[in-house]
Amino acid sequence: MGRIICCGLGPGDPDLMSVRADREIRAAKHVAYFRKKGRPGQARCIVEGLLARDAREYPMEYPVTTELPFDGTDYTSMLAHFYDHWAQRLSEIAREADVIVLCEGDPFFYGSFMHLHSRLQGRVAIEVIAGIPGMAGCWNAVGAPIALGDDVMTVVMGTLAEEELTRRACGCDALVVMKTGRNLQKVRRALEAAGRLDGAWLIERGTMPGQRVARLKDVDAAECPYFAIVLVHGRGRRPEFVAE
Ligand SMILES: C[S@@+](CC[C@H](N)C(=O)[O-])C[C@H]1O[C@@H](n2cnc3c(N)ncnc32)[C@H](O)[C@@H]1O
């Protein structure tokens, strides 16, 4: 009986993957990863050059990503079917051999793997290898501490309603906004309303090729990639501290 081993790959730079993940990936005979149709997949890109020549690959292509509203029943049922299918398929392969599932960042932090993880409980042995979350790569790219002293750090999804984003931005010290991409304008308006725009940074493709770090107020953002995070740094007990 094999295992399903989900390897957190870190924020993008392959050098930021754990030694353990690197070892498992190089030895893998079966490697699965999520991707959007027609794209190579970010997780697969991170391990480029690491896979054994005889490794079998299983691209798990989302049936839908942004084409349908994510709170609609069509979207939910298509994805449920997709995850059911891959949970079954991977557990069949794992009867014979270990299967590696690649996941950018940390698998348990807003990762798609958790939809397989819940379906695979009791069916197969599962291991999850922690990864550095994308946001850690992003605040490292800015080069300033994200949270100090008694700071309360809030992590929100850019998909939230504008009023909710504003409310959360008002009620925290350090702020991380994930899934910024197509929500950038909304995020920007929410931060402005909360009086946090001046301290906000936009990090696109943190630690990846093409990384971009900019003050959000200076970004004329019509386009923003999927891999983008907005950060507002906390100031801890140092009110004079501002990320420069
Ligand atoms: C579905 S979540 C997956 C998070 C991942 N499991 C992690 O630990 O970071 C995808 C979102 O993470 C953020 N993200 C992850 N890595 C990133 C990076 N290197 N640079 C910018 N944003 C990143 C983006 O906001 C993206 O929309």
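Arg44 is buried, with a relative accessible area of 14%; buried here means under 20% relative accessible area, exposed means over 50%, and partly exposed lies in between (1.4 Å probe, protein chains only). This is a predicted model, in which local features need pLDDT of at least 70 and side-chain atom pairs count only at pLDDT 80 or more, while totals for chains, interfaces and linings use all residues. Residues are numbered from 1 along each chain as its sequence is written, and side-chain values use heavy atoms, with hydrogens and water left out.

You will find Arg44 in helix α2 (residues 42-46). Helices (H or I, at least four residues) and strands (E, at least two) are DSSP runs, numbered from the N terminus. The Arg44 side chain makes a polar contact with the side chain of Glu57, at 2.8 Å. A polar contact is a pair of N or O atoms within 3.5 Å; within protein, one must be able to donate a hydrogen and the other to accept it, and residues adjacent in sequence count only if both atoms are side-chain atoms. Leaving aside residues up to four places away in sequence, Arg44 touches Tyr33, Leu51, Glu57 and Leu102, where contact means heavy atoms within 4.5 Å.

## Around the ligand

Now to the ligand. Of the 19 residues around the ligand, Pro11, Phe109, Gly134, Lys179 and Ala228 come nearest; a residue is near a molecule if one of its heavy atoms lies within 4 Å of it. By class, this shell has twelve nonpolar, three polar and four charged residues (Ala, Val, Leu, Ile, Met, Phe, Trp, Tyr, Cys and Pro count as nonpolar, Asp, Glu, Lys and Arg as charged, and the others, Gly among them, as polar).

A polar backbone atom of Glu104 is 3.2 Å from a nitrogen atom of the ligand. For ligand oxygen atoms, a backbone N or O atom of Gly134 lies 2.8 Å from one, and a polar backbone atom of Ala228 is 2.7 Å from one. The protein covers 97% of the 560 Å² of accessible area that the ligand has on its own, with areas from the Shrake-Rupley method and a 1.4 Å probe. Elements giving two or more residues to the shell are α5 (134-142) and β10 (228-232).

## Two positive phi angles

Tyr110 is not a glycine, yet has a positive phi of about 55 degrees. Tyr110 sits in the loop between β4 (99-103) and α4 (113-120) and is partly exposed, at 46% relative accessible area.

Arg205, also not a glycine, has a positive phi of about 50 degrees. Its place is the loop between β8 (200-204) and β9 (212-215), and at 32% relative accessibility Arg205 counts as partly exposed.
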